[in-house]
Amino acid sequence: MRCCCAHRRSLVLISALLAVAASAQTTALKFKFKTINVAGAQSTGIYGINNAGAMVGSYVDSGGVRHGFILVGGKVKKIDDPKGTGTYCFGINKAGSIVGYYADSSNNAQGFLYEKGKFSDIGPAGSTGSQGIGINDHGDVNGNFGDSKGGHGFLLKGGKYTTQDVPGAAFTLGGGINNADLMTEEWIDSSSNVESSLYNGKKYTTINVPGEPDSYVSGINNLGDIVYSWESASAYGGALRHGGKIYKFHVPEGDRTFGYGINDHNIIVGAYTNEKTGALEGFSATY
């Protein structure tokens, strides 16, 4: 199953970084970055953002315990599902509903939906594990689950689950979803490479980052902009699909950059490894 932690309250330390031009297929787009760390945390990852600027993610505290969280107005609130440990928060919509997963008593991933202060488990019946990855403003959820046949994506809409399997995929891992129910789907092919598709409810269209063997698609906004991570033999980076073009980017002073969430106001969120300390740190970027 996909683990978004590496790729993809207390005070928050936010330090601005230099604006830099993206390394990409074209140099017409620039990104301005900010580092976002939970105070006292060993590591921080930002995985989702809504149009109000509320961010969700996961951090490891000074004692080595992982927590989910929401960041609003510079303040962090823990979002830890009480039924398990090691909570990750991946997606948030305009109502503040959050999806993610926690580790259950058997250390299996269990997807959850958090809304109006209450947690509920999500995932198709018979799942051996599940994750909620993206949620739109209608409450529709894109995620993944495992069963005896392997790994699949799912759409949860109106209380009903629909399995999403990209044709030819060994495993389908889910992704983001916008208000038009356009869904991004990360999947593993027969050669064990990671590929990316866009699903419009009828057809899957491959949208890989050009020239890279592994493309990890993630969030999609209501304008159709899409954020990714990508990996080659020697590098990791983020990428943005905007206006039909794909722009690669790296956080300055970062060794590896991972793009995860995006909103309608040209803001991307994600994580990177600090090249000096090796610690995972969160970021936001405007473009």
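In this report, a residue is called buried when its relative accessible area is under 20%, exposed when over 50%, and partly exposed in between (1.4 Å probe, protein chains only). The model you are looking at is predicted, so local features need pLDDT of at least 70 and side-chain atom pairs count only at pLDDT 80 or more, whereas totals for chains, interfaces and linings use all residues. Residues are numbered from 1 along each chain as its sequence is written, and side-chain values use heavy atoms, with hydrogens and water left out.

**Salt bridges**

Let's start with the charged pairs. Side chains of opposite charge can pair when their charged atoms come close. A salt bridge here is a side-chain nitrogen of Lys or Arg within 4 Å of a carboxyl oxygen of Asp or Glu, and by this rule the count comes to five. The table shows some of them.

| Pair | Distance between closest N and O atoms |
|---|---|
| Asp81 and Lys83 | 3.2 Å |
| Lys83 and Asp121 | 3.6 Å |
| Asp140 and Lys157 | 3.1 Å |

Asp81, Lys83 and Asp121 are linked in a network of salt bridges. Within it, Asp81 counts as buried because its relative accessibility is 1%. Lys83, at 43%, is partly exposed, and so is Asp121, at 39%.

The salt bridge between Lys83 and Asp121 has the following setting. Lys83 sits in the loop between β6 (75–78) and β7 (85–92), while Asp121 belongs to strand β10 (residues 118–122), so this pair ties together parts that are 38 residues apart in sequence.

Now for the salt bridge of Asp140 with Lys157. Asp140 is found in the loop between β11 (129–135) and β12 (141–147), and Lys157 in strand β13 (residues 150–157), so the two tie together parts 17 residues apart in sequence. Asp140 is buried, at 4% relative accessibility, whereas Lys157 is partly exposed, at 40%.

**An open sheet**

Strands of a sheet pair through backbone hydrogen bonds, either parallel or antiparallel. Two strands count as paired if DSSP finds at least two bridges between them. Four strands, in the order β7-β8-β9-β10, form an open sheet with antiparallel pairing. Its edges are β7 and β10; each has a single partner strand, so one side of each is left without a neighbour in the sheet. Inside this order, six bridges join β8 (residues 98–103) to β9 (residues 109–115), and Tyr101 stands opposite Gly111 in β9.

**Nonpolar cores**

A nonpolar core is a set of buried Ala, Val, Leu, Ile, Met, Phe, Trp, Tyr and Cys residues joined through side-chain atoms within 4.5 Å. The largest one has 14 residues, and those with the most contacts inside it include Phe31, Phe33, Leu240 and Phe249. Two or more residues of this core come from each of β2 (30–38), β22 (245–249), β24 (267–274) and β25 (280–286). A second, separate core has eleven residues, among them Phe90, Tyr236, Ala271 and Leu280.

**A buried phenylalanine**

Phe69 lies in strand β5 (residues 66–72) and is buried, with a relative accessible area of 0%. Phe69 and Val56 are 13 residues apart in sequence, and their C-alpha atoms are 5.6 Å apart in space.
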